[in-house]
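Colleague: Please pick one part of this model and take a close look at it, residue by residue. After that, tell me what else in the chain deserves a place in my notes.

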Amino acid sequence: MHRIVHAHLKSFSENFGYISVAESIQFEKFCTFSVLSSRYSADFDLDEVTTGDVDDGIDGVAVVIDETPCPSPEEAEGIFKEPRRNHDVEVVFVQAKGGERFDLGDFLKFKDGILRFVTAEVYSLSDDVLNDAKAAFDVVISNVPKVRNGRPSVFAYYITTGIYQNPAELERARIEFEEQLLELGYFNEVEVRFLGRDELTKLWVGTYSGTQASLTALSNAALPEISGIDEAYLAVVKAADLVDRLLITEDGNLRGQVFEENVRAYLGDDNPVNKSISETIKSNSASRFPVLNNGITIVSPDVKLQGSVFHLKNYQIVNGCQTSNVLFENRAHLAEIMVNVKIVETQDEDVFADLVRATNSQSRVDDAQFLSLKPVVRRVEQYFNSVDSEDKEKKLYLERRDRQYVGQDISAIRVYSLHNAAKCVASMYCARPELAFRYPKQMYEELGGFIFADDVREIVFYSACLTMHRFNLLVSNSVIPQNMKKFKWHILAVVKAIICGKTNNKLGSREVEKEAAKIVSSMEKHGPEATSIFERATRVCVSLGEVTNDRLKRQAILTEMLESI
(Lines give C-alpha, C1' and ligand atoms only; values in the text may rest on other atoms or scores of the structure.)
Protein backbone atom coordinates (compact mmCIF):
# COMPACT_ATOMS: atom_id res chain seq x y z
CA MET A 1 0.00 0.00 0.00
CA HIS A 2 1.27 3.47 -0.88
CA ARG A 3 2.67 5.34 2.17
CA ILE A 4 0.40 8.39 1.75
CA VAL A 5 -2.75 6.26 1.67
CA HIS A 6 -1.43 4.15 4.54
CA ALA A 7 -1.02 7.27 6.70
CA HIS A 8 -4.58 8.38 5.94
CA LEU A 9 -5.83 4.84 6.60
CA LYS A 10 -4.12 4.84 10.01
CA SER A 11 -5.77 8.18 10.86
CA PHE A 12 -9.18 6.85 9.80
CA SER A 13 -8.80 3.63 11.80
CA GLU A 14 -7.78 5.50 14.96
CA ASN A 15 -10.65 7.96 14.60
CA PHE A 16 -13.33 5.36 14.00
CA GLY A 17 -12.12 2.59 16.30
CA TYR A 18 -10.92 0.02 13.75
CA ILE A 19 -7.32 -0.34 14.93
CA SER A 20 -7.70 -4.01 15.93
CA VAL A 21 -9.19 -5.28 12.64
CA ALA A 22 -7.16 -6.49 9.67
CA GLU A 23 -5.72 -3.84 7.38
CA SER A 24 -7.70 -5.15 4.41
CA ILE A 25 -10.95 -4.64 6.34
CA GLN A 26 -9.82 -1.20 7.47
CA PHE A 27 -9.22 -0.27 3.83
CA GLU A 28 -12.64 -1.52 2.74
CA LYS A 29 -14.31 0.60 5.42
CA PHE A 30 -12.06 3.56 4.63
CA CYS A 31 -12.98 3.50 0.94
CA THR A 32 -16.69 2.98 1.57
CA PHE A 33 -16.79 5.80 4.12
CA SER A 34 -14.88 8.17 1.83
CA VAL A 35 -17.16 7.49 -1.16
CA LEU A 36 -20.45 7.75 0.72
CA SER A 37 -19.46 10.76 2.82
CA SER A 38 -18.35 12.63 -0.29
CA ARG A 39 -21.75 12.08 -1.91
CA TYR A 40 -24.17 12.32 1.00
CA SER A 41 -24.33 14.44 4.13
CA ALA A 42 -26.47 12.15 6.27
CA ASP A 43 -25.04 10.22 9.21
CA PHE A 44 -24.78 6.45 8.68
CA ASP A 45 -23.46 3.36 10.45
CA LEU A 46 -20.39 2.16 8.56
CA ASP A 47 -20.90 -1.43 9.72
CA GLU A 48 -24.28 -1.41 7.95
CA VAL A 49 -22.79 -0.58 4.54
CA THR A 50 -19.56 -2.63 4.51
CA THR A 51 -19.71 -6.36 3.86
CA GLY A 52 -18.04 -9.27 5.62
CA ASP A 53 -15.89 -12.15 4.40
CA VAL A 54 -18.47 -13.62 2.00
CA ASP A 55 -18.92 -10.43 0.00
CA ASP A 56 -19.51 -11.73 -3.57
CA GLY A 57 -16.91 -9.27 -4.89
CA ILE A 58 -18.61 -6.28 -3.23
CA ASP A 59 -16.94 -4.58 -0.25
CA GLY A 60 -19.39 -1.74 0.27
CA VAL A 61 -23.04 -1.26 -0.71
CA ALA A 62 -25.64 1.35 0.08
CA VAL A 63 -29.19 1.89 -1.11
CA VAL A 64 -29.55 5.64 -0.67
CA ILE A 65 -33.02 7.17 -0.46
CA ASP A 66 -33.31 10.96 -0.31
CA GLU A 67 -29.61 11.39 0.45
CA THR A 68 -29.67 8.90 3.35
CA PRO A 69 -28.24 5.34 3.23
CA CYS A 70 -31.10 2.96 3.95
CA PRO A 71 -29.65 -0.34 5.24
CA SER A 72 -32.83 -2.38 5.67
CA PRO A 73 -36.03 -3.22 3.79
CA GLU A 74 -38.09 -2.14 6.81
CA GLU A 75 -36.63 1.35 6.68
CA ALA A 76 -37.22 1.53 2.92
CA GLU A 77 -40.82 0.41 3.33
CA GLY A 78 -41.37 3.09 5.98
CA ILE A 79 -40.10 5.78 3.60
CA PHE A 80 -42.29 4.66 0.72
CA LYS A 81 -45.40 4.65 2.92
CA GLU A 82 -45.19 8.44 2.88
CA PRO A 83 -47.40 10.22 0.32
CA ARG A 84 -44.39 11.78 -1.43
CA ARG A 85 -43.99 10.46 -4.98
CA ASN A 86 -40.56 11.74 -6.05
CA HIS A 87 -37.94 10.08 -3.87
CA ASP A 88 -34.33 10.28 -5.04
CA VAL A 89 -32.81 6.79 -5.02
CA GLU A 90 -29.23 5.79 -5.76
CA VAL A 91 -27.43 2.48 -5.29
CA VAL A 92 -23.70 2.67 -4.59
CA PHE A 93 -21.24 -0.24 -4.81
CA VAL A 94 -17.59 -0.22 -3.72
CA GLN A 95 -14.75 -2.67 -4.34
CA ALA A 96 -11.52 -1.81 -2.47
CA LYS A 97 -8.08 -3.33 -3.07
CA GLY A 98 -5.14 -2.16 -0.95
CA GLY A 99 -2.57 -2.89 -3.65
CA GLU A 100 -1.62 -0.52 -6.46
CA ARG A 101 -2.73 -2.74 -9.34
CA PHE A 102 -6.03 -2.42 -11.19
CA ASP A 103 -6.76 -6.06 -11.86
CA LEU A 104 -9.19 -7.02 -14.62
CA GLY A 105 -10.12 -10.30 -12.90
CA ASP A 106 -11.04 -8.51 -9.67
CA PHE A 107 -13.06 -5.96 -11.62
CA LEU A 108 -14.99 -8.69 -13.46
CA LYS A 109 -15.73 -10.36 -10.11
CA PHE A 110 -17.03 -7.00 -8.85
CA LYS A 111 -19.15 -6.69 -12.00
CA ASP A 112 -20.61 -10.19 -11.65
CA GLY A 113 -21.46 -9.55 -7.99
CA ILE A 114 -23.36 -6.36 -8.90
CA LEU A 115 -25.25 -8.04 -11.73
CA ARG A 116 -26.30 -10.86 -9.39
CA PHE A 117 -27.41 -8.28 -6.83
CA VAL A 118 -29.54 -6.46 -9.37
CA THR A 119 -31.08 -9.36 -11.28
CA ALA A 120 -31.33 -12.34 -8.93
CA GLU A 121 -34.85 -13.24 -7.87
CA VAL A 122 -33.49 -15.49 -5.13
CA TYR A 123 -30.55 -13.86 -3.35
CA SER A 124 -29.29 -15.42 -0.15
CA LEU A 125 -25.69 -15.03 0.98
CA SER A 126 -24.15 -15.49 4.41
CA ASP A 127 -23.56 -11.72 4.56
CA ASP A 128 -26.34 -9.76 6.29
CA VAL A 129 -25.30 -6.42 4.83
CA LEU A 130 -25.66 -7.65 1.24
CA ASN A 131 -28.88 -9.52 1.96
CA ASP A 132 -30.45 -6.48 3.63
CA ALA A 133 -29.28 -4.13 0.89
CA LYS A 134 -30.72 -6.45 -1.76
CA ALA A 135 -34.04 -6.58 0.12
CA ALA A 136 -34.05 -2.77 0.35
CA PHE A 137 -33.31 -2.56 -3.38
CA ASP A 138 -36.24 -4.89 -4.09
CA VAL A 139 -38.49 -2.57 -2.06
CA VAL A 140 -37.29 0.32 -4.23
CA ILE A 141 -38.06 -1.57 -7.43
CA SER A 142 -41.54 -2.37 -6.13
CA ASN A 143 -42.11 1.33 -5.54
CA VAL A 144 -40.63 2.87 -8.69
CA PRO A 145 -43.79 4.96 -9.29
CA LYS A 146 -42.64 6.91 -6.23
CA VAL A 147 -39.03 7.24 -7.46
CA ARG A 148 -37.88 10.31 -9.36
CA ASN A 149 -37.43 9.61 -13.08
CA GLY A 150 -39.21 6.27 -12.53
CA ARG A 151 -35.98 4.42 -11.77
CA PRO A 152 -33.05 4.59 -9.34
CA SER A 153 -29.48 5.39 -10.42
CA VAL A 154 -26.39 3.25 -9.82
CA PHE A 155 -22.76 4.13 -9.13
CA ALA A 156 -19.94 1.60 -8.89
CA TYR A 157 -16.40 2.37 -7.70
CA TYR A 158 -13.38 0.07 -8.04
CA ILE A 159 -10.61 1.52 -5.84
CA THR A 160 -6.91 0.77 -5.40
CA THR A 161 -3.91 2.73 -4.11
CA GLY A 162 -2.32 2.96 -7.55
CA ILE A 163 -2.73 5.50 -10.34
CA TYR A 164 -5.35 4.73 -12.97
CA GLN A 165 -3.98 5.38 -16.45
CA ASN A 166 -6.98 4.32 -18.55
CA PRO A 167 -5.62 1.03 -19.96
CA ALA A 168 -7.59 -0.06 -23.01
CA GLU A 169 -8.57 -3.46 -21.59
CA LEU A 170 -10.05 -2.03 -18.40
CA GLU A 171 -11.74 0.85 -20.22
CA ARG A 172 -13.45 -1.62 -22.57
CA ALA A 173 -14.62 -3.67 -19.59
CA ARG A 174 -15.88 -0.53 -17.81
CA ILE A 175 -17.83 0.72 -20.83
CA GLU A 176 -19.29 -2.74 -21.48
CA PHE A 177 -20.40 -2.95 -17.85
CA GLU A 178 -22.10 0.45 -18.02
CA GLU A 179 -23.90 -0.64 -21.20
CA GLN A 180 -25.02 -3.89 -19.53
CA LEU A 181 -26.43 -2.01 -16.55
CA LEU A 182 -28.32 0.37 -18.83
CA GLU A 183 -29.68 -2.48 -20.94
CA LEU A 184 -31.15 -4.13 -17.85
CA GLY A 185 -33.62 -1.24 -17.68
CA TYR A 186 -33.46 -0.85 -13.91
CA PHE A 187 -31.51 2.41 -13.79
CA ASN A 188 -31.94 5.99 -14.91
CA GLU A 189 -28.26 6.93 -14.59
CA VAL A 190 -25.25 4.60 -14.59
CA GLU A 191 -21.66 5.39 -13.69
CA VAL A 192 -18.75 2.97 -13.23
CA ARG A 193 -15.41 4.48 -12.15
CA PHE A 194 -11.88 3.44 -11.31
CA LEU A 195 -10.38 5.48 -8.47
CA GLY A 196 -6.70 5.61 -7.57
CA ARG A 197 -4.85 7.00 -4.59
CA ASP A 198 -5.15 10.65 -5.65
CA GLU A 199 -8.92 10.47 -6.04
CA LEU A 200 -9.31 8.45 -2.84
CA THR A 201 -7.15 10.86 -0.84
CA LYS A 202 -9.19 13.81 -2.10
CA LEU A 203 -12.44 12.10 -1.07
CA TRP A 204 -11.10 11.29 2.41
CA VAL A 205 -9.65 14.73 3.07
CA GLY A 206 -12.97 16.23 1.99
CA THR A 207 -14.77 14.38 4.79
CA TYR A 208 -12.98 16.39 7.50
CA SER A 209 -12.11 19.60 5.69
CA GLY A 210 -14.38 22.61 5.82
CA THR A 211 -16.20 23.91 2.76
CA GLN A 212 -14.93 27.15 1.24
CA ALA A 213 -16.23 29.25 -1.64
CA SER A 214 -16.15 32.75 -3.09
CA LEU A 215 -19.17 34.46 -4.65
CA THR A 216 -19.21 37.71 -6.59
CA ALA A 217 -22.18 40.00 -5.91
CA LEU A 218 -23.69 42.26 -8.55
CA SER A 219 -24.85 44.46 -5.68
CA ASN A 220 -24.94 44.15 -1.90
CA ALA A 221 -26.01 46.03 1.19
CA ALA A 222 -24.93 45.49 4.79
CA LEU A 223 -27.70 45.18 7.37
CA PRO A 224 -27.57 47.22 10.60
CA GLU A 225 -26.17 45.69 13.79
CA ILE A 226 -28.26 42.70 14.95
CA SER A 227 -27.98 40.89 18.28
CA GLY A 228 -26.10 37.59 17.94
CA ILE A 229 -25.17 38.29 14.30
CA ASP A 230 -21.61 39.28 13.46
CA GLU A 231 -22.46 40.53 9.97
CA ALA A 232 -25.40 40.26 7.59
CA TYR A 233 -25.84 41.27 3.96
CA LEU A 234 -28.48 41.35 1.26
CA ALA A 235 -27.02 40.67 -2.16
CA VAL A 236 -27.93 39.94 -5.76
CA VAL A 237 -25.74 37.40 -7.59
CA LYS A 238 -25.75 35.58 -10.89
CA ALA A 239 -27.58 32.26 -10.57
CA ALA A 240 -24.89 30.56 -12.66
CA ASP A 241 -22.18 31.78 -10.26
CA LEU A 242 -24.17 30.53 -7.26
CA VAL A 243 -24.48 27.07 -8.81
CA ASP A 244 -20.89 26.82 -10.06
CA ARG A 245 -19.16 28.17 -6.95
CA LEU A 246 -21.37 27.12 -4.04
CA LEU A 247 -23.50 24.18 -5.14
CA ILE A 248 -21.37 21.91 -7.36
CA THR A 249 -18.49 19.62 -6.39
CA GLU A 250 -15.44 19.15 -8.58
CA ASP A 251 -16.96 16.06 -10.19
CA GLY A 252 -20.19 17.86 -11.05
CA ASN A 253 -22.45 16.51 -8.30
CA LEU A 254 -24.65 18.65 -6.07
CA ARG A 255 -22.80 19.54 -2.87
CA GLY A 256 -25.23 17.89 -0.44
CA GLN A 257 -23.30 18.91 2.68
CA VAL A 258 -24.32 22.56 2.32
CA PHE A 259 -27.99 21.64 2.80
CA GLU A 260 -27.58 19.75 6.09
CA GLU A 261 -29.25 22.50 8.08
CA ASN A 262 -32.09 23.02 5.60
CA VAL A 263 -34.73 20.78 7.08
CA ARG A 264 -36.73 20.39 3.88
CA ALA A 265 -35.23 17.93 1.43
CA TYR A 266 -35.65 18.65 -2.26
CA LEU A 267 -39.25 17.92 -3.20
CA GLY A 268 -38.59 17.32 -6.89
CA ASP A 269 -39.43 19.10 -10.13
CA ASP A 270 -42.99 17.79 -10.13
CA ASN A 271 -43.71 19.73 -6.95
CA PRO A 272 -45.99 22.65 -8.00
CA VAL A 273 -43.74 25.35 -6.53
CA ASN A 274 -40.57 23.87 -8.01
CA LYS A 275 -42.28 23.34 -11.35
CA SER A 276 -43.22 27.01 -11.33
CA ILE A 277 -39.61 28.04 -10.55
CA SER A 278 -38.34 25.86 -13.40
CA GLU A 279 -40.88 27.31 -15.82
CA THR A 280 -39.88 30.85 -14.86
CA ILE A 281 -36.20 30.07 -15.56
CA LYS A 282 -37.07 28.90 -19.08
CA SER A 283 -39.59 31.64 -19.85
CA ASN A 284 -39.43 35.20 -21.11
CA SER A 285 -39.91 36.27 -17.47
CA ALA A 286 -36.52 34.88 -16.43
CA SER A 287 -35.10 38.38 -15.93
CA ARG A 288 -37.74 38.94 -13.22
CA PHE A 289 -36.48 36.00 -11.18
CA PRO A 290 -35.10 38.15 -8.30
CA VAL A 291 -38.53 39.72 -7.72
CA LEU A 292 -40.53 36.54 -8.25
CA ASN A 293 -38.44 34.29 -6.00
CA ASN A 294 -37.74 34.68 -2.27
CA GLY A 295 -34.09 33.77 -2.78
CA ILE A 296 -31.61 31.88 -0.62
CA THR A 297 -30.32 32.32 2.93
CA ILE A 298 -26.69 31.37 3.59
CA VAL A 299 -25.20 31.14 7.08
CA SER A 300 -21.46 30.91 7.76
CA PRO A 301 -19.27 31.28 10.85
CA ASP A 302 -16.68 33.11 8.72
CA VAL A 303 -17.69 35.69 6.10
CA LYS A 304 -15.29 38.15 4.50
CA LEU A 305 -16.32 40.77 1.95
CA GLN A 306 -13.50 42.04 -0.24
CA GLY A 307 -14.73 44.51 -2.81
CA SER A 308 -17.75 42.81 -4.31
CA VAL A 309 -16.63 39.24 -3.52
CA PHE A 310 -17.92 37.27 -0.53
CA HIS A 311 -15.52 34.65 0.87
CA LEU A 312 -17.39 31.96 2.83
CA LYS A 313 -16.16 29.11 5.04
CA ASN A 314 -18.24 26.14 6.26
CA TYR A 315 -21.38 27.75 4.89
CA GLN A 316 -24.87 26.29 5.04
CA ILE A 317 -27.92 27.04 2.93
CA VAL A 318 -30.58 27.18 5.63
CA ASN A 319 -33.38 28.39 3.36
CA GLY A 320 -33.73 27.96 -0.37
CA CYS A 321 -33.12 24.24 -0.78
CA GLN A 322 -35.87 24.04 -3.41
CA THR A 323 -34.64 27.07 -5.33
CA SER A 324 -31.03 25.82 -5.18
CA ASN A 325 -31.94 22.38 -6.50
CA VAL A 326 -34.09 23.79 -9.32
CA LEU A 327 -31.23 26.10 -10.33
CA PHE A 328 -28.89 23.09 -10.30
CA GLU A 329 -31.28 21.01 -12.41
CA ASN A 330 -31.64 23.89 -14.89
CA ARG A 331 -28.01 25.03 -14.85
CA ALA A 332 -27.81 24.88 -18.66
CA HIS A 333 -30.56 27.54 -18.91
CA LEU A 334 -29.43 30.12 -16.36
CA ALA A 335 -27.79 32.59 -18.76
CA GLU A 336 -27.97 36.01 -17.06
CA ILE A 337 -30.58 35.10 -14.43
CA MET A 338 -30.05 36.77 -11.06
CA VAL A 339 -31.02 35.53 -7.61
CA ASN A 340 -31.35 37.19 -4.20
CA VAL A 341 -29.18 35.91 -1.36
CA LYS A 342 -29.08 36.75 2.31
CA ILE A 343 -25.65 36.11 3.82
CA VAL A 344 -25.41 35.86 7.61
CA GLU A 345 -22.26 35.44 9.70
CA THR A 346 -22.69 33.97 13.17
CA GLN A 347 -20.78 31.59 15.42
CA ASP A 348 -23.59 31.30 17.96
CA GLU A 349 -25.19 27.84 17.70
CA ASP A 350 -28.44 29.08 19.25
CA VAL A 351 -28.73 31.89 16.72
CA PHE A 352 -27.93 29.36 13.98
CA ALA A 353 -30.77 27.13 15.22
CA ASP A 354 -33.18 30.07 15.40
CA LEU A 355 -32.37 30.97 11.81
CA VAL A 356 -33.09 27.43 10.69
CA ARG A 357 -36.46 27.40 12.42
CA ALA A 358 -37.47 30.88 11.28
CA THR A 359 -36.47 30.45 7.65
CA ASN A 360 -38.18 27.06 7.31
CA SER A 361 -41.51 27.87 8.95
CA GLN A 362 -43.27 29.27 5.87
CA SER A 363 -44.49 25.86 4.67
CA ARG A 364 -45.28 22.57 6.30
CA VAL A 365 -42.23 20.73 7.65
CA ASP A 366 -42.33 17.46 9.57
CA ASP A 367 -41.88 18.24 13.27
CA ALA A 368 -39.31 15.43 13.56
CA GLN A 369 -37.00 17.51 11.37
CA PHE A 370 -36.95 20.24 14.03
CA LEU A 371 -35.79 18.00 16.89
CA SER A 372 -32.31 19.53 16.96
CA LEU A 373 -33.90 22.90 17.70
CA LYS A 374 -35.77 21.75 20.81
CA PRO A 375 -34.75 23.31 24.15
CA VAL A 376 -33.99 19.89 25.65
CA VAL A 377 -31.42 19.25 22.92
CA ARG A 378 -29.70 22.55 23.69
CA ARG A 379 -29.51 21.50 27.34
CA VAL A 380 -28.19 18.06 26.46
CA GLU A 381 -25.49 19.61 24.27
CA GLN A 382 -24.51 21.91 27.15
CA TYR A 383 -24.35 18.88 29.47
CA PHE A 384 -21.98 17.07 27.08
CA ASN A 385 -19.87 20.24 26.83
CA SER A 386 -19.72 20.57 30.62
CA VAL A 387 -17.79 17.31 30.95
CA ASP A 388 -14.09 18.08 31.48
CA SER A 389 -12.35 17.91 28.10
CA GLU A 390 -9.13 16.85 29.83
CA ASP A 391 -10.79 13.64 31.03
CA LYS A 392 -10.41 11.63 27.83
CA GLU A 393 -12.07 8.59 29.42
CA LYS A 394 -15.50 10.18 29.47
CA LYS A 395 -15.43 13.20 27.14
CA LEU A 396 -18.04 12.92 24.39
CA TYR A 397 -19.52 15.40 21.93
CA LEU A 398 -23.15 15.74 20.90
CA GLU A 399 -23.43 16.80 17.29
CA ARG A 400 -26.50 18.97 17.43
CA ARG A 401 -26.01 19.89 13.80
CA ASP A 402 -24.30 17.80 11.13
CA ARG A 403 -20.53 18.20 10.68
CA GLN A 404 -20.48 20.50 13.71
CA TYR A 405 -17.04 19.25 14.79
CA VAL A 406 -15.44 18.82 11.35
CA GLY A 407 -11.88 20.13 11.27
CA GLN A 408 -11.57 20.36 15.08
CA ASP A 409 -9.24 17.37 15.62
CA ILE A 410 -11.89 15.46 17.56
CA SER A 411 -11.96 11.68 17.18
CA ALA A 412 -15.06 10.54 15.31
CA ILE A 413 -15.60 7.73 17.80
CA ARG A 414 -16.34 10.38 20.48
CA VAL A 415 -18.91 12.29 18.42
CA TYR A 416 -22.59 11.29 18.62
CA SER A 417 -25.09 12.65 16.17
CA LEU A 418 -28.46 13.51 17.62
CA HIS A 419 -29.93 10.60 15.66
CA ASN A 420 -27.53 8.08 17.19
CA ALA A 421 -27.95 9.59 20.65
CA ALA A 422 -31.71 9.16 20.33
CA LYS A 423 -31.22 5.52 19.31
CA CYS A 424 -29.03 4.97 22.38
CA VAL A 425 -31.74 6.41 24.67
CA ALA A 426 -34.50 4.42 22.97
CA SER A 427 -32.50 1.22 23.44
CA MET A 428 -31.27 1.74 26.99
CA TYR A 429 -34.05 3.64 28.74
CA CYS A 430 -37.13 2.84 26.66
CA ALA A 431 -36.19 -0.84 26.18
CA ARG A 432 -36.89 -0.67 22.45
CA PRO A 433 -33.59 -1.67 20.81
CA GLU A 434 -35.42 -3.27 17.90
CA LEU A 435 -36.62 0.19 16.85
CA ALA A 436 -33.07 1.57 16.93
CA PHE A 437 -31.86 -1.49 15.06
CA ARG A 438 -34.44 -1.63 12.30
CA TYR A 439 -37.22 0.94 12.50
CA PRO A 440 -35.78 4.45 13.12
CA LYS A 441 -38.77 6.23 11.57
CA GLN A 442 -41.14 4.27 13.82
CA MET A 443 -38.83 5.04 16.75
CA TYR A 444 -39.45 8.77 16.34
CA GLU A 445 -43.18 8.25 15.85
CA GLU A 446 -43.59 6.11 18.97
CA LEU A 447 -40.91 7.46 21.30
CA GLY A 448 -39.98 10.92 20.02
CA GLY A 449 -42.40 12.63 22.38
CA PHE A 450 -40.82 10.87 25.38
CA ILE A 451 -37.16 11.10 24.36
CA PHE A 452 -37.36 14.80 23.53
CA ALA A 453 -39.81 15.91 26.23
CA ASP A 454 -38.87 19.17 27.94
CA ASP A 455 -38.41 17.50 31.34
CA VAL A 456 -36.00 14.75 30.20
CA ARG A 457 -32.87 14.58 32.36
CA GLU A 458 -29.81 15.49 30.31
CA ILE A 459 -27.72 12.76 31.93
CA VAL A 460 -30.01 10.18 30.31
CA PHE A 461 -28.56 11.02 26.87
CA TYR A 462 -25.01 11.25 28.16
CA SER A 463 -25.08 7.94 30.06
CA ALA A 464 -26.57 6.06 27.10
CA CYS A 465 -23.94 7.45 24.70
CA LEU A 466 -21.14 6.85 27.22
CA THR A 467 -22.19 3.20 27.49
CA MET A 468 -22.16 2.85 23.70
CA HIS A 469 -18.76 4.58 23.62
CA ARG A 470 -17.32 2.15 26.17
CA PHE A 471 -18.74 -0.78 24.20
CA ASN A 472 -17.20 0.52 20.95
CA LEU A 473 -13.79 0.89 22.62
CA LEU A 474 -13.90 -2.63 24.02
CA VAL A 475 -14.78 -4.01 20.59
CA SER A 476 -12.07 -1.86 18.99
CA ASN A 477 -9.51 -3.27 21.44
CA SER A 478 -10.74 -6.84 20.83
CA VAL A 479 -11.82 -7.27 24.47
CA ILE A 480 -15.34 -7.87 23.17
CA PRO A 481 -15.62 -9.92 19.93
CA GLN A 482 -16.36 -8.03 16.71
CA ASN A 483 -19.44 -10.17 16.07
CA MET A 484 -21.11 -8.63 19.12
CA LYS A 485 -21.56 -5.35 17.25
CA LYS A 486 -24.78 -6.64 15.71
CA PHE A 487 -26.21 -6.77 19.26
CA LYS A 488 -25.06 -3.26 20.23
CA TRP A 489 -28.52 -1.72 20.67
CA HIS A 490 -29.78 -4.69 22.65
CA ILE A 491 -26.64 -4.73 24.79
CA LEU A 492 -27.45 -1.20 25.99
CA ALA A 493 -30.72 -2.45 27.46
CA VAL A 494 -28.98 -5.49 28.98
CA VAL A 495 -26.27 -3.32 30.56
CA LYS A 496 -28.88 -1.07 32.16
CA ALA A 497 -30.67 -4.13 33.56
CA ILE A 498 -27.40 -5.47 34.99
CA ILE A 499 -26.52 -2.17 36.66
CA CYS A 500 -29.93 -0.80 37.67
CA GLY A 501 -32.45 -3.60 37.41
CA LYS A 502 -35.20 -4.19 34.88
CA THR A 503 -37.60 -1.38 35.81
CA ASN A 504 -37.97 1.46 33.29
CA ASN A 505 -38.62 4.86 34.87
CA LYS A 506 -39.87 8.04 33.24
CA LEU A 507 -37.11 10.00 31.53
CA GLY A 508 -37.89 13.09 33.56
CA SER A 509 -37.97 11.41 36.96
CA ARG A 510 -35.49 11.61 39.81
CA GLU A 511 -35.30 7.81 39.76
CA VAL A 512 -33.99 7.75 36.18
CA GLU A 513 -31.48 10.46 37.05
CA LYS A 514 -30.12 8.28 39.85
CA GLU A 515 -29.96 5.29 37.49
CA ALA A 516 -28.11 7.32 34.87
CA ALA A 517 -25.60 8.56 37.44
CA LYS A 518 -24.98 4.96 38.51
CA ILE A 519 -24.42 3.94 34.87
CA VAL A 520 -21.98 6.83 34.34
CA SER A 521 -20.07 5.77 37.46
CA SER A 522 -19.69 2.26 36.00
CA MET A 523 -18.83 3.38 32.48
CA GLU A 524 -16.67 6.48 32.92
CA LYS A 525 -13.41 4.55 33.31
CA HIS A 526 -11.83 1.78 31.28
CA GLY A 527 -11.27 -1.01 33.75
CA PRO A 528 -12.49 -4.25 35.31
CA GLU A 529 -15.92 -2.95 36.34
CA ALA A 530 -17.07 -1.84 32.88
CA THR A 531 -15.38 -4.79 31.19
CA SER A 532 -17.05 -7.36 33.46
CA ILE A 533 -20.48 -5.82 32.81
CA PHE A 534 -20.03 -6.06 29.05
CA GLU A 535 -18.61 -9.57 29.31
CA ARG A 536 -21.73 -10.59 31.19
CA ALA A 537 -23.91 -8.92 28.54
CA THR A 538 -21.92 -10.73 25.86
CA ARG A 539 -22.59 -14.08 27.53
CA VAL A 540 -26.29 -13.27 27.44
CA CYS A 541 -26.08 -12.71 23.68
CA VAL A 542 -24.00 -15.84 23.07
CA SER A 543 -26.50 -17.94 25.04
CA LEU A 544 -29.14 -17.16 22.40
CA GLY A 545 -27.33 -19.27 19.82
CA GLU A 546 -27.42 -18.24 16.17
CA VAL A 547 -29.39 -14.99 15.90
CA THR A 548 -30.62 -13.65 12.57
CA ASN A 549 -31.39 -10.03 11.81
CA ASP A 550 -35.02 -11.03 11.47
CA ARG A 551 -34.99 -12.23 15.07
CA LEU A 552 -33.22 -9.07 16.28
CA LYS A 553 -35.93 -6.85 14.86
CA ARG A 554 -38.58 -8.36 17.14
CA GLN A 555 -39.35 -7.26 20.70
CA ALA A 556 -39.42 -10.82 22.02
CA ILE A 557 -35.65 -11.26 21.88
CA LEU A 558 -35.03 -8.54 24.49
CA THR A 559 -37.48 -10.24 26.84
CA GLU A 560 -35.52 -13.46 26.38
CA MET A 561 -32.26 -11.65 27.10
CA LEU A 562 -33.54 -9.97 30.25
CA GLU A 563 -34.98 -13.23 31.58
CA SER A 564 -31.49 -14.76 31.47
CA ILE A 565 -29.99 -12.07 33.73
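Modeller: A residue is called buried if its relative accessible area is under 20%, exposed if over 50%, and partly exposed in between, using a 1.4 Å probe and protein chains only. The model is a predicted one, in which local features need pLDDT of at least 70 and side-chain atom pairs count only at pLDDT 80 or more, while totals for chains, interfaces and linings use all residues. Residues are numbered from 1 along each chain as its sequence is written, and side-chain values use heavy atoms, with hydrogens and water left out.

The part I would pick is helix α14. Helices here are DSSP runs of H or I with at least four residues, strands are runs of E with at least two, and both are numbered from the N terminus. Nine of the 11 residues of α14 are buried, so the helix is largely enclosed by the rest of the structure. The buried ones are Leu 418, Ala 421, Ala 422, Lys 423, Cys 424, Val 425, Ala 426, Ser 427 and Met 428.

One partner of α14 is helix α17. For the geometry, axes are lines fitted to C-alpha atoms, for helices over the stretch in contact, and angles run from 0 to 180 degrees between N-to-C directions. Helix α14 (residues 418-428) packs against helix α17 (residues 458-476) at an angle of about 90°, and their axes are 8 Å apart. α14 is therefore roughly perpendicular to α17; that label covers 65 to 115 degrees, whereas under 35 counts as roughly parallel, over 145 as roughly antiparallel and the rest as oblique.

Contact means heavy atoms within 4.5 Å. On the α14 side the contact involves Ala 421, Ala 422, Cys 424, Val 425 and Met 428, which meet Val 460, Phe 461, Ser 463, Ala 464, Cys 465, Thr 467 and Met 468 of α17. By residue class, this contact holds 10 nonpolar, two polar and no charged residues. Here Ala, Val, Leu, Ile, Met, Phe, Trp, Tyr, Cys and Pro count as nonpolar, Asp, Glu, Lys and Arg as charged, and the others, Gly among them, as polar.

Helix α17 also holds Arg 470. With a relative accessibility of 1%, Arg 470 counts as buried. Apart from neighbours within four places in sequence, Arg 470 is in contact with Glu 393, Met 523, Glu 524, Lys 525, His 526, Ala 530 and Phe 534.

Helix α19 (residues 510-523) and helix α20 (residues 528-542) cross at roughly 105°, with axes that come within 7 Å. These two helices are therefore roughly perpendicular to each other. Ser 521, Ser 522 and Met 523 of α19 make the contact with Glu 529, Ala 530, Ile 533 and Phe 534 of α20. The contact of α19 with α20 divides into four nonpolar, two polar and one charged residue. Met 523, Ala 530 and Phe 534 are among the residues that Arg 470 contacts as well.

Ser 478 counts as partly exposed, at 47% relative accessibility. Asn 149, in the loop between α5 and β4 (153-159), also has a positive phi, of about 65°, although it is not a glycine. Asn 149 counts as exposed, with a relative accessibility of 55%.

For your notes on the aromatic residues, rings of Phe, Tyr and Trp (its six-membered ring) pair if their centres lie within 6.5 Å; planes under 30 degrees apart count as stacked, over 60 as edge-to-face and the rest as tilted. By this rule there are 30 aromatic pairs. In one of them, Phe 12 and Tyr 18 have ring centres 5.9 Å apart and planes at 20°, so the pair is stacked. Phe 12 is buried, at 0% relative accessibility, and Tyr 18 is buried too, at 4%. Phe 117 and Phe 137 form a tilted pair, 5.7 Å centre to centre with 50° between the planes. This pair joins distant parts of the chain, 20 residues apart, as Phe 117 is in helix α4 (residues 104-119) and Phe 137 in helix α5 (residues 128-142). Both Phe 117 and Phe 137 are buried.
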